[in-house]
Amino acid sequence: LIQVLMSGMLTLHEELREQKAELFRDPAMKERRAKARLTQLCDTLATLWGSDRVLRSIQYGMRAIGGTPGIPDEAKVVAITFGSVFSQARYVTRIYGVLDGCEGLARNISKRRPKDERLALTIQYCFGGVAFHVLENLALILNIVRKCDENRIPRLKGALRRAGVWDSANDIDAAAQLFWLIEVLAKLYLSIKAQLDNARDTREAQQRGDRAREAVLKKERAVLLLDLVKIVCDAPLAVHFLAMYGKRKGTLSLGVVGLLGLAGSIAQFLVRFRKQA
C-alpha cells in the first residue's frame, strides 16, 4: 500500500511539473487553461456527488477546527455546530444513495470482469450503496419524527416505542457504519488491484515506446491515487463511528476525525473534478 501511494505521489509531481513547463512555453495557454478549469469546476459542482464533497469538506473541516488545541472555546463550539449543520445538509444527497447503489448493481458489474472484481463490486454496491443508505435514511426519518411535538403524535410515538426504535436513531446510524466499513474494504481491494494493473500497463507501454498510452496511464494513476487516499481515510472513520454504537465514545479524537474526513473529501472532490474533464 505504501509503495502504491509513493508511486502515485511521484506521478502527481511529474504531471504538475509537465503542466508548469507547458505554461512557460505558451503563455496564452495559461488563460485558456484557466477558463477550461473554471468550466470544469462549475460542471463538477453541478453534479450531486460533486456538491456533496464540498458539503463534506466543510463538515469535517469544522470538526477539525473544533478539535484543535489552543483555539478559544467559543470558536470550537461554533465550529462544531457548523459541522453538525452541514452533516445534516448532506442527508439530502444520501436519499439518492439507495438508487445509486441499485444502478451500480444493474449497470457496473459486467460479466467481462474477473470474478474477484465482480464479487468486490457486488459487495460495494450491496453493502455501501444500498444497505448503508437504507439505515442512514431510516435514522434520518426517526430524527425528523423526534423533532415533532410528542404530545401531538401519541399513536406514532407509541408504535415506535413498541417497535423499540423511538430512541434508536443514533444506534441505527452507528450500525450503518459496519456496511460502510465493508464497502471501504471492497474498494480498497479494487483500488490496489487497479494500481497494480496500471503499473503493469505502464511498463508495457514504456517497453513499446508508446508515449501517448503512457501519458494516459499516468493521468489514470493520479486519479487512482486520489481515490486510494479517500479510501485510506475512510477506513478509520468507519471504525470510529461504528464504535459509537450504544452511546459509547468513538476510537478517534474530534480533531483526527476532522482531518481524516477533510483529506478524504478533498481527494474525492479532485477525483470528481478530473473525471469531469
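**Exercise 1. At what angle do helix 6 (residues 97–107) and helix 7 (residues 115–146) pack, and how far apart are their axes?** Determine also how the two helices are oriented and which residues join them.

*Solution.* The structure under study is a predicted model.

Step 1. Two packed helices are described by the angle between their axes and the distance between the axes. For helix 6 and helix 7 the angle is about 160°, and the axes are 8 Å apart.

Step 2. Angles over 145 degrees count as roughly antiparallel. Helix 6 and helix 7 are therefore roughly antiparallel to each other.

Step 3. The crossing of helix 6 with helix 7 is left-handed.

Step 4. On the side of helix 6, the contact is formed by Gly97, Val98, Gly101, Cys102, Gly104 and Leu105. Helix 7 contributes Thr122, Tyr125, Cys126, Gly129, Val130, His133, Val134 and Asn137.

Step 5. Sorted by class, the contact of helix 6 with helix 7 contains seven nonpolar and seven polar residues, and no charged ones.

**Exercise 2. Describe the packing of helix 10 (residues 211–242) against helix 11 (residues 254–275).**

*Solution.* 

Step 1. The angle between helix 10 and helix 11 is about 150°, with 8 Å between their axes.

Step 2. Since angles over 145 degrees count as roughly antiparallel, the next conclusion follows. Helix 10 and helix 11 are therefore roughly antiparallel to each other.

Step 3. Helix 10 and helix 11 cross in a left-handed manner.

Step 4. Residues of helix 10 in this contact include Lys219, Leu226, Lys230, Leu237 and Phe241. Among those of helix 11 are Val257, Gly261, Ser265, Leu270 and Arg274.

Step 5. The residues of the contact of helix 10 with helix 11 comprise 14 nonpolar, five polar and five charged.

**Exercise 3. Is Ser265 buried or exposed, and which residues does Ser265 touch?**

*Solution.* 

Step 1. Ser265 is located in helix 11.

Step 2. A residue is buried under 20% relative accessible area. Ser265 has 0% relative accessibility and so counts as buried.

Step 3. Leaving out residues up to four places away in sequence, Ser265 touches Arg53, Arg56, Ser57, Tyr60 and Lys230. Lys230 also belongs to the contact of helix 10 with helix 11.

**Exercise 4. Which residues form the largest nonpolar core?** Examine two of its members.

*Solution.* 

Step 1. The largest nonpolar core has 11 residues: Tyr60, Phe132, Ala176, Trp180, Leu181, Val184, Ile231, Leu237, Ala238, Phe241 and Val257.

Step 2. Helix 9 (169–208) and helix 10 are the elements that give two or more residues to this core.

Step 3. Apart from this core lies another, of eight residues, including Ala139, Leu142, Ile153 and Trp166.

Step 4. Consider Trp180 of the largest core. Beyond its neighbours within four places in sequence, Trp180 is in contact with Arg56, Phe132, Asp234, Leu237, Ala238 and Phe241.

Step 5. Consider next Ile231, which lies in helix 10. Its relative accessible area is 4%, so Ile231 is buried. Residues up to four places away in sequence aside, Ile231 touches Val184, Lys187, Leu188 and Ser191.

Step 6. Between Ile231 and Leu181 there are 50 residues of separation in sequence, with a C-alpha to C-alpha distance of 9.9 Å.

Conventions. Residues numbered from 1 in each chain as written. Predicted model: local features only at pLDDT ≥ 70, side-chain atom pairs only at ≥ 80, totals over all residues. Heavy atoms only, no water. Axes fitted to C-alpha atoms, helices over the stretch in contact; angles between N-to-C directions. Helix = DSSP H or I, 4+ residues; strand = E, 2+ residues; numbered from the N terminus. Parallel < 35°, antiparallel > 145°, perpendicular 65-115°, else oblique. Left-handed = near helix turned anticlockwise from the far one by under 90°. Contact = heavy atoms within 4.5 Å. Nonpolar A, V, L, I, M, F, W, Y, C, P; charged D, E, K, R; others polar. Core = buried A, V, L, I, M, F, W, Y, C linked by side-chain atoms within 4.5 Å. Buried < 20%, exposed > 50% of the residue type's maximum accessible area, 1.4 Å probe, protein only.
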